[in-house]
Structures are given as structure tokens and as C-alpha cells.
Amino acid sequence: MTHPAPDAPSVSRTPAVELRGARLAYGDRTLWSGLDLSVEQGEFIAVLGPNGSGKTSLLKVLLGQLPLSEGTATIAGTPARTGNSHVGYVPQQKTMDEGLPLRGRDLVGLGVDGHRWGTGFRSRRSRRTIVDDAIDQVGARAFADAPVGSLSGGEQQRLRVAQALVGDPKVLLCDEPLLSLDLANQHRVSDLINQRRLGHDTAVLFVTHEINPILPLVDRVLYLVDGRFRIGTAAEVMTSEVLSELYQTDVEVLHVRGRLVVVGTGDAIDALGSTGADGIHHEAHE
Amino acid sequence: MNEKLADTFSKMFDWQATIDLLQYDFVQQALLAAAILGLLAGAIGPLIISRQMSFAVHGTSELSLTGASAALLAGISVGLGAIVGSVFAAVLFALLGSKVRERDSVIGVVLSFGLGLSVLFMWLYPGRTGTSFSLLVGQIVGVGNSGLQLLLVCAVLVLAVLVVVYRPLLFASTDPDVARARGVPVRALSIVFAVLVGVAAALGVQIVGALLVLSLLITPAAAAARITSSPLRTTLFSILFAEIAAVGGILLSLAPGVPVSSFVTTISFVIYLACRAIGSRRGSTGRVAVPA
């Protein structure tokens, strides 16, 4: 007993995120129940599933914006609550008003101390150092002083990552951060998130429609469909058998040139992209 | 050319008459009131722009007219009536309007009803029609000592609250989703801001009138946002432009005796046009060539 087993330290560490017997329901509609998930520090979890399966709601629970109907949710050992400084949040890209008087660096700066009262005028020097540092980390110096409304989707999302990282989070919650980005920017943004988790042991919960851009980074997958779910490595979960069971229809997972192509789910998660989705949709119903 | 207009132009640059008029207490009070309002409107304006609330501010000022005319009829303080009316309207809009699309039509509906009510109140008012007309187009020269006191107290209160809530309010106004995720009370702040806007709009009604409040609350901030996108610099420019429009408008209107509001609106509009021209010449700002 005096000599702990070699892998004991990783077991004794507090999980970054822990859900126990979690149930979430709106009225009498249960999104999911009996969800047990323990995310280790530095672990990268992809949260997949069709629209309406409760992926974003799961993030809202962890952000403290939505109470669980049953069970517990903890972040780094304390119950999930709003304004937890251990949590960083990366939203999906959205169009920002062209005339909005806000620069890229202001967006990042709001991540530093935007939640504090007062004008923040006296702490502007220390904020500037932190912001400059974060901007360099995501390679955003060239457009950091441009109005946010003029930024491309990829530029905006790189600043979003910087904005989430300046709070020095232990957990990064990402809600479709790659949506509507081109392939190069998808890789760039997911790489930035991955660098952070490798360098700082930050846990990542990554809600996405499309697993392929992050497939090499993912430790485990949480796949939610209509209240059913499966947790495991990508190799365990992303199989025809498992997905057919989740979707309760014939689903096929194909490996095409290092990519996973899911056929037959009848929704946009079919990884052929939006152009292919329609054709598949028909197939699924024929 | 219209005789009245020709007369206006000749008198506008009659500096001697202006200087003579500046000796009067009521003129000095008016200038002070304009300066206070300029500071207030200039400071709040950029946040209104960020929240895309121009139409809500318009509706708010129309309802402050309803409040003011009701107060006039009831024989109580018009300034107080204006504040009650516009704060009520602003909070109502803030409570209703989480969705921009819905908010837009609700404001239109409430605004027209409020205007209808105020026409009724003005018609019922037995006193001089000029008094009620001044609520529409503003009558700063009649601000008086008690009006100045109310203005000063309100301005100090509004600015003090603004200083306390500024950072989270900016966060909530420009980036509500992430602000909410970071624990900023976005909804509560939108109500607080509605009250601030309501008070500012009600004070503006006394100077430029209900119909033209936008020229102090919106135009200077919109102009500033054209030439810079730093929130701090936008606010400073916005205050500067609002001061030039409010104080400059009064100074120019003194000698010819033209309603103050026509000068205030013209000055702020000209500043806006100039800033648009500068902004479009600068093109896409803030990008530097750094090898990626």
C-alpha cells in the first residue's frame, strides 16, 4: 500500500468534467438520461449526434445555464455553475454586424475581464499584455485591429479560441466551432484547440456534426441519438453496428481515404457534406 | 428666396447678437444643459449602436412625449413625466425584445399608440399650444434652473451606473452568447441599460424634442463608429460629436431665433456624412501585412 501502482496518479486526479446519472428533460420530453461521463484532464471528447439530440444542451448544463432534471454535473470537482472561471467557451462562427465598434483584440480582451464590473480602465496594461500574447498564440496579429464585422469565418474563430484561452481554462467547451469554415481553417482551428489541451492538460468537449476534421485528435466519442447514447473511442463507437443500434435503422460506416463516411442516418450528420446529404436521405427511406 | 430663411442666414453669423445673448442666465443654462446632455448621449450612443437599438430609442423618446404631455395635462413636472414615460417604454421593449424581428414590430405598434395618446393629451391641454409643441421639437431655452437640476442629477446617476456596468454591458452588447457563458447577467443588464436609455432619451426630449432625440443619441455614435472601431475611441469621438452638435446648435440658433433642433440635427448629420466619407476612404482598417 505504501507504493502506489504506476498509473495511480492519473486515477486519483479530479476529473475535469463529471456527469453522474444525468438526465435532462424539457417537460415530458427526455433528451437523455442515465448519462455517466468522466472526462480526464487533457482528454479530447467529441460530442456527436443529429440535431435535437441534446448536444448543445449538454454544454449548457456544464455552463450552468440549464439545470439537470436528475443527477449531478461537476467541473473540476465543483458543481457546474455560471461564471466558472475554469471553463472556456468557443461558440460557432456567426455573422457579426459590419458597423459594430469592436476590434478583434477587444473580443479577446472581453474574454480576459469582460465579466468584471467597472470600466477596466486601470487594468488596461496588464490586459493588453495578456491579449497580445493570446493573439500571437493563434497567429492573429495581422487582423487583430480590424473590426470584427470584417473578419472571415476562420479569422473570427481563431480569435474565439484566443478569447476562450485567456481565462486559462481547465475545460474547453466548444459548440460547433468549425461550422461553415473551409477545410484549411477547420484544421487550423482544431489544431489550436488541440495544442492548448496538450500544452496545459485542458479537457476538451467538442460538439460537432463532422468528426473527420478532429478524428486524429479525439480520445473518446459521446454519440447521442434520440435519448440513446454510446461512449467510447472512435473505433468503438463509429461502427456500422453501434450506429445502426443508436439510430435504429441500417447505418453504414465506410472508411474512405482516411475519412469516415456515415451513410443512412437520414440527417445532415452524413459526412458526405450537404451536397451528398440529399441523395443519402432518399436512400435511407427507400 | 424665402424671407425668413434669408433673414436666418444673415443673422446666423451676427456674432455680436450672439455674444449679447450669451449674457443672459437662461442662455447660459441652456448651454450647460446641452453640454450635459451631449456628454450623456455621446457616452451611451455606442452601446445603442452595438445593440442595434436605434428604433427602440426612437420608440422610447416618442413614449417620453406621451409621458410629458400627460404630465403637462395633469399639471405636474413635465421633465418627470417624460422620464416616467420613456423608462416605462424602454423597459417594456427590453422585456419583449429578445428576438430582433419581434422587437421591431412591437416597437412600431407601441410607438404609434403612444403618439396617438400624446396628441390627445396635447389637445386636451387648456394652456398655450406652444408649450406642447416644444415637446415635439425641443425648447432648451426654457430649461430653467429646476430643469437644469433634474438634468444634472439624472446625468450624474446615469453616468455613475454606466461606469459600474460598462465592461459587462459592452460584453453583453457585442458578444451575448459568450458573455452568457462567462456568467454575465445579460438579461438583467439589458433592463438596466433600457432604464439608462430611457432617462437619457427623456432628457434629450427637453433639448431637441421627442422627434429628434436620435440626432444626439444615435448619429454621433454612428459617425464615430465609421472612423474607428476601438470601443474607447468610438465613445470619445461620440461624446465630442454630440457636444459639438448640442452646444454648437444652440450657439448658431441664438441670433436668428430658429428652433435649436434644426441646427442640432443638421450639425450631427453633417458630422456623420464627413465621417462616412473618411471611413470609406480608409477602407478596411486595422489590417497589417504580417507574414502568416
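What share of the contacts in chain B with a separation of 6 or more comes from residues 24 or more positions apart? I looked this up before anything else. The figure is 76%. I note here that the model is predicted.

**Chain B, overall**

I went through the secondary structure of chain B. I found 14 helices and zero strands. Along the sequence the pattern reads α-α-α-α-α-α-α-α-α-α-α-α-α-α. I then checked the radius of gyration of chain B, which is 20 Å. The globule rule gives 19 Å for 292 residues, so chain B is as compact as a globular protein of that length. I also took the box along the principal axes. The C-alpha atoms of chain B fill roughly 65 × 45 × 35 Å. Of the 292 residues in chain B, 52% are buried.

**The core**

I turned to the largest nonpolar core and found 173 residues in it. Ala200(B) and Leu217(B) have the most contacts inside this core. Helix H10 of chain B, residues 186–208, contributes the most to the core, giving 14 residues. Chain A also takes part. Domain 1 (8–238) and domain 2 (239–286) of chain A both give residues to the core, so it lies between them.

**Ala225(B)**

Is Ala225(B) buried or exposed? I counted 27 C-beta neighbours inside 10 Å, so Ala225(B) is buried; the cut-off for buried is 20 or more. Ala225(B) sits in helix H12 of chain B, residues 219–227. I excluded residues up to four places away in sequence and looked at what Ala225(B) touches. In chain B the partners are Pro46(B), Ile49(B) and Thr234(B). In chain A they are Gly99(A) and Pro101(A). I also checked Ala225(B) against Leu47(B). These two are 178 residues apart in sequence, and their C-alpha atoms are 11 Å apart in space.

**Contact between the chains**

How many residues does each chain put into the contact? I found 32 residues from chain A and 34 residues from chain B. On the chain A side, helix H3 (residues 104–113) supplies the largest share, four residues. I sorted the side of chain A that touches chain B by class: 13 residues are nonpolar, twelve polar and seven charged.

**A sheet in chain A**

I traced an open sheet of four strands in chain A, in the order S2-S1-S4-S5. The pairing is antiparallel. Strand S2 (29–39) and strand S5 (78–79) of chain A are the edges, each pairing on one side only. I looked at strand S1 (residues 17–26) of chain A next. Seven bridges join S1 to S2(A), and the two run antiparallel. Ala22(A) stands opposite Leu35(A) in S2(A).

**Two domains in chain A**

I went back to the domains of chain A. The assignment gives domain 1 (8–238) and domain 2 (239–286). The C-alpha centres of domain 1 and domain 2 of chain A are 26 Å apart. In the contact, 14 residues of domain 1 of chain A meet twelve residues of domain 2 of chain A. On the domain 1 side, strand S9 (220–225) and strand S10 (228–232) of chain A each supply at least two residues. By class, I have eight nonpolar, three polar and three charged residues on that side of domain 1 of chain A.

Key:
Residues numbered from 1 in each chain as written. Chains lettered and ligands numbered in written order. Predicted model: local features only at pLDDT ≥ 70, side-chain atom pairs only at ≥ 80, totals over all residues. Contact = placed C-beta atoms within 7 Å. Nonpolar A, V, L, I, M, F, W, Y, C, P; charged D, E, K, R; others polar. Buried ≥ 20, exposed ≤ 12 C-beta atoms within 10 Å, placed from the backbone. Core = buried A, V, L, I, M, F, W, Y, C linked by C-beta atoms within 7 Å. Domains from an automatic or database assignment. Pairing = 2+ DSSP bridges. Rg over C-alpha atoms; globule rule 2.2 N^0.38 Å.
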